[in-house]
Amino acid sequence: MAAEPTFRVAVLASGGGTNLQALLDALPPGAPAQVVLVLSNNADAGALERARKAAIPARVIPHPRDAAELNRLLAGAHPDLVVLAGYLNLVPLETVAAYEGRMINIHPSLLPAFGGPGMYGHRVHQAVLASGARTSGASVHLVTPEYDRGPVIAQKTVPVEPGDTADTLAARILQVEHELLPAVVLAAARAGGVVRLG
Ligand code: GRF
């Protein structure tokens with residue numbers, strides 16, 4: 001019986017790439033999904049270094065707002081799924097449209113709370129702490145033209161502990177991100193497309 005075609009995943013990242021690394025660690029050779037391309041708007045992104053170390057094609061996006069260019073870069077890898085993992089640029093509308101229903105983003109809060117334009121990195125955790133919320137967490141959602149507004153696919157909650165700082169909260173959430181994102185990608189690979197978890 002012919003082997004199931006591997007579910008091809010392209011990852012866009014702007015920073016260190018620990019979520020990418022969690023994916024790479026969860027998708028060894030023979031896994032139902034494979035990361036086949038890593039793109040970044042930032043030539044110094046740690047994510048690109050991680051991809052190169054894993055011998056995965058890694059490219060800098062020369063003009064992140066140029067949809068035709070980005071679509072060309074992505075199409076070359078024939079991805080079944082595009083993952084935004086700490087990608088801080090707004091994805092052009094034409095690219096969102098081209099990958100409708102098969103582009104996901106991970107965000108370090110319990111969306112729809114603490115999401116939207118300007119809500120990234122420590123700003124999210126500072127806002128959570130300032131609000132007095134007793135819980136926070138991570139969310140994976142489908143990407144739509146509006147920042148962080150697409151349907152939520154999966155979430156994981158963590159407590160906000162007394163004395164938490166943006167650093168300690170971010171670290172606790174990053175740990176659950178590293179579980180949540182591979183779980184969503186593996187479920188999508190098994191189902192042949194993005195499915196809601198839990
Ligand atoms: C993560 O917290 C992610 O939720 C957010 O950006 C951060 C990226 O971290 N969108 P890394 O580059 O994957 O380490």
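I began with a term: on a 1 Å grid over the protein atoms alone, a pocket is an open set of points where a 1.4 Å probe fits, with protein on both sides within 12 Å along at least five of seven lines, and its lining residues have an atom within 4 Å of a point. A volume is the space filled by probe spheres set on the points, which are joined across faces, edges and corners.

The model is predicted, so I kept in mind that local features need pLDDT of at least 70 and side-chain atom pairs pLDDT 80 or more, while totals for chains, interfaces and linings use all residues. Residues are numbered from 1 along each chain as its sequence is written, and side-chain values use heavy atoms, with hydrogens and water left out.

Entry on the pocket. I looked up the largest pocket and found about 720 Å³ of space in it. Its lining has 38 residues, and G86, Y87, L88, I106 and P108 lie nearest its centre. I noted that α1, β4 (81-85), β5, α5 (122-131) and α6 each give at least two lining residues, with α6 giving the most, 4 residues; helices (H or I, at least four residues) and strands (E, at least two) are DSSP runs numbered from the N terminus.

Entry on the ligand. The ligand takes up the space of the largest pocket, where sitting in a pocket requires more than half of a molecule's atoms within 2 Å of its grid points. Around the ligand I listed G15, G16, G17, T18, N19, G86, I106, H107, P108, L174 and E177, each with a heavy atom within 4 Å of it. I saw that α1 (18-26), β5 (103-107) and α6 (166-191) each supply at least two residues of this shell.

Entry on contacts. A polar backbone atom of N19 is 2.9 Å from a ligand oxygen, and a backbone N or O atom of G16 is 3.5 Å from an oxygen of the ligand. For I106, a backbone N or O atom lies 3.3 Å from a ligand nitrogen. The ligand taken alone exposes 360 Å², of which the protein buries 81%, by the Shrake-Rupley method with a 1.4 Å probe.

Entry on the backbone. L111 and P112 are joined by a cis peptide bond with omega about 10°, and P112 is in the loop between β5 and α5.

Note on methods. Polar contact = N/O pair within 3.5 Å; in protein donor to acceptor, adjacent residues only side chain to side chain.
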